[in-house]
Amino acid sequence: FPNDANSWDSLGEAYFTNHDKKNALRAYKKVLSLDPNSESAKSMIKKLETTIKINLTDEKKENHITNS
């Protein structure tokens, strides 16, 4: 398991399905370290990084409004 890209991909999918985006991102990055040609991992990393960035921006806006 520790060096099997497919297992890490499945773990990333499980995290993603359960809305655990940070751990999903970690798992997909591990996939890419084991299989640099994994197009599915590249795609999911891009999707997750965009989603996480948007969520962080929204949180900052909410905190600014709350603290004003």
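This report covers the fold, core, charged pairs and loops of a predicted model.

**Basis**

The model is predicted: local features need pLDDT of at least 70, side-chain atom pairs count only at pLDDT 80 or more, and totals for chains, interfaces and linings use all residues. Residues are numbered from 1 along each chain as its sequence is written, and side-chain values use heavy atoms, with hydrogens and water left out.

**Fold**

The protein chain has three helices and zero strands. Its elements run α-α-α from the N terminus on. Helices (H or I, at least four residues) and strands (E, at least two) are DSSP runs, numbered from the N terminus. Helix 1 covers residues 5-17. Helix 2 covers residues 21-34, and helix 3 covers residues 39-67.

The chain has 68 residues, and 22% of them count as buried. Buried means under 20% relative accessible area, exposed means over 50%, and partly exposed lies in between (1.4 Å probe, protein chains only).

Contact means heavy atoms within 4.5 Å. Among contacts between residues at least 6 apart in sequence, 38% join residues at least 24 apart.

**Core**

Which residues make up the largest nonpolar core? There are twelve: Ala5, Trp8, Ala24, Leu25, Ala27, Tyr28, Val31, Ala41, Met44, Ile45, Leu48 and Ile52. Each of helix 1, helix 2 and helix 3 supplies at least two residues of this core. A nonpolar core is a set of buried Ala, Val, Leu, Ile, Met, Phe, Trp, Tyr and Cys residues joined through side-chain atoms within 4.5 Å.

Leu25 sits in helix 2. Its relative accessibility is 13%, so Leu25 counts as buried. Leaving aside neighbours within four places in sequence, Leu25 is in contact with Ile45, Leu48, Glu49 and Ile52. Leu25 and Lys46 are 21 residues apart in sequence, with 9.2 Å between their C-alpha atoms.

Ile52 sits in helix 3. Ile52 is buried too, at a relative accessible area of 15%. With neighbours within four places in sequence set aside, Ile52 contacts Lys21, Lys22 and Leu25. The C-alpha atoms of Ile52 and Leu25 are separated by 9.4 Å, across 27 residues of chain.

Met44 is another member of the core. Beyond its neighbours within four places in sequence, Met44 is in contact with Phe16 and Tyr28.

**Charged residues**

The structure holds two salt bridges. A salt bridge is a side-chain nitrogen of Lys or Arg within 4 Å of a carboxyl oxygen of Asp or Glu.

| Salt bridge | N to O distance |
|---|---|
| Lys29 and Glu49 | 3.5 Å |
| Lys42 and Glu39 | 3.4 Å |

What does the bridge between Lys29 and Glu49 tie together? Lys29 lies in helix 2 and Glu49 in helix 3, so the pair ties together parts that are 20 residues apart in sequence. Lys29 is partly exposed, at a relative accessible area of 41%. Glu49 is partly exposed as well, at 37%.

Lys42 and Glu39 both lie in helix 3, three residues apart, about one turn of the helix. Lys42 counts as partly exposed at 34% relative accessibility, whereas Glu39 is exposed at 53%.

Asp9, in helix 1, is buried yet has no salt bridge. The nearest side chain of opposite charge is Lys47, 12 Å away. For this, Lys and Arg count as positive and Asp and Glu as negative; His and the chain ends are not counted. Not counting residues up to four places away in sequence, Asp9 touches Tyr28, Val31 and Ser40.

**Loops**

His19 is found in the loop between helix 1 and helix 2. Its phi is near 65°, a positive value in a residue other than glycine. Most residues other than glycine have a negative phi. His19 is exposed, with a relative accessible area of 66%.
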